[in-house]
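Reader: I am new to this structure and would like to know what lies behind the words used for it. Please take me through them one at a time.

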Amino acid sequence: MTITTKSRRPAASTTTNESARRTAGSTTGPARLVLTAVLVTQLMLVLDAAIVNIALPDIGTELHMSSTSLSWIVNAYTLAFGGLLLLGARAGDLLGRRVTFLAGMAVFVAASFAGGISQGEGLLLASRALQGVGAAFAAPSALAILMSLYKPGKEQTRAIGWYTVVSASGAATGLLAGGLLTSVASWRWVFFVNVPIGIAVLAAGYRSLSRDRGVRGSVDVAGALLVTVGMSSVVYGFIRAASDGWTESGTLAAFGAGLVLLAIFVAVQLRAESPVMPLRLFADRDRATAYIARLMLVAGSLGSFFFMSQYMQIVLGWTPWQSGIAFLPFPVTIFISSQLVARVISNHYSTRAIAAVGTLLSTVGMLMLTTLTEHTSYLQMLPAFVVFALGNGIAFVPLTTAGLSRVEPADTSVASGLVNVTQQLGGALGLAVLVTVFATAGKDPAVSPGASQHAIHTFVTGADRGFQVGALMLFVAFALVMIVMRRPSKDSAKDTAKRDASSPIEQLRDTEEIALEVG
């Protein structure tokens, strides 16, 4: 099923305003207001995927949720966000970015309020999924709006730099914010905090964003729904297997339905006029490797946040605030290492070499976490944190570059979105697998502080097994980069020179690709 829209020409006043803002850059008040609104929006959306991790023990205690059910608090958001992201990007082109951005933010704010007042598992999970829907429509339009503010140059580069920092540090910032809010107030404030901030963003956006109109085209609604429901069914199969076993009828039905839906999705993409995920993007060997390697990197990494945030509170007995502070080395290390790669290292070494080093260091860091016991101290964990974060920061930039290289102009937006999709869906799928492995340690693992020694031992054993499988996923990413990705050649230098000599419009598109992927 596709929805086709008619071509609509922007109003003359709109075109004039856009031109003026492009020329003025960040020197105008409205431009600064829009920049602030976009950066705050991006921080909220990226942060929200992680902020609940610190609050999971408190949520599990109050709402009587099991470990497998708690994982859905994270997965419901990432699945809806990742599965509908490309549809949201296309909607911004067709319906207008201002309308799509404001509508997405309104849904996100309303869902956040619903999550905060939840009294049971059902409403909480539904609100998390609805938050993901709002984020999927707001995020692509927010970036496109940011890119319309500046002409290529120093101002645009500075704005993208801020956007990158916000995006890269969002997850770890979420852990810090979640710890503070849960300790000072309650777990409900990890949701409520979005309401006043979101309302302020909506007011700023409504006031400062110029009206724009969409263009002619079609929306692959069927493809977006098939991939979202199909992935959700597969993830549910893993979660169901953790609680009821691999041969249970519900587990088998979930896996079967998910695989059938994903197969139908591929068939639809082959025939769709404007596919939500053009399969031709996977024809390039390096690009396809970057997509899959990124998916495996995120899949293996997410377990560290999910299990470690609970380990600190359940095993070490720390408060949510203390646990949030303990994650501070992550954003600091990731920021430093990613900036070094982008500004210095990438000028001297190939994409393949840098990605290989990053994925290998991530694997080593994850392996170091597999030795946790009930008596491991924070200082003993810290080296693993630093090595793991260093690897992630190094791997992030080259996988971005490879995922966007040699893309046809018609596919630039969807390629940028696809890299982000692999990140979101990879996180959901990886967490589902690791939670399933975690469940093999035994029944009734500790879900809150003060549990019995046996329950704590079961939790630690399960977490160690999860880290082991996470390390295996990271090693697969390393192996893919080393074995499948091609060695650099002289042609790559020629391609770079050709791109640098392209028109300003093409340069703007290239910059937008990189920024969207980082988000």
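Author: Accessible areas here come from the Shrake-Rupley method with a 1.4 Å probe. For this predicted model, the accessible surface of the chain comes to about 21200 Å². Carbon and sulfur atoms hold 66% of that surface.

Reader: What is the chain built from, and how many of its residues are buried, as a percentage?

Author: The chain has 20 helices and 2 strands. Of its 519 residues, 56% are buried. Buried means under 20% relative accessible area.

Reader: Why is His 64 called exposed?

Author: The cut-off for exposed is over 50% relative accessible area. His 64 has 71% relative accessibility, and therefore counts as exposed. His 64 sits in the loop between helix 3 (51-63) and helix 4 (67-95). His 64 also has a positive phi of about 60°, although it is not a glycine.

Reader: Which residues of helix 15 are buried?

Author: Among them are Arg 352, Ile 354, Gly 358, Thr 363, Met 366 and Leu 369.

Reader: What makes helix 14 and helix 16 a crossing pair, and which hand does the crossing have?

Author: The axes of helix 14 (residues 329-343) and helix 16 (residues 378-404) come within 8 Å and cross at roughly 35°. The crossing is right-handed. By class, the contact of helix 14 with helix 16 has 15 nonpolar, 4 polar and no charged residues.

Reader: Which residues meet there?

Author: From helix 14 they include Phe 330, Ile 334 and Val 341. On the helix 16 side, Tyr 378, Phe 385, Leu 390 and Val 397 are among them. Contact means heavy atoms within 4.5 Å.

Reader: What share of the chain's contacts with a separation of 6 or more is between residues 24 or more positions apart?

Author: Such pairs account for 85% of those contacts.

Definitions and conventions. Residues numbered from 1 in each chain as written. Predicted model: local features only at pLDDT ≥ 70, side-chain atom pairs only at ≥ 80, totals over all residues. Heavy atoms only, no water. Buried < 20%, exposed > 50% of the residue type's maximum accessible area, 1.4 Å probe, protein only. Helix = DSSP H or I, 4+ residues; strand = E, 2+ residues; numbered from the N terminus. Axes fitted to C-alpha atoms, helices over the stretch in contact; angles between N-to-C directions. Left-handed = near helix turned anticlockwise from the far one by under 90°. Nonpolar A, V, L, I, M, F, W, Y, C, P; charged D, E, K, R; others polar.
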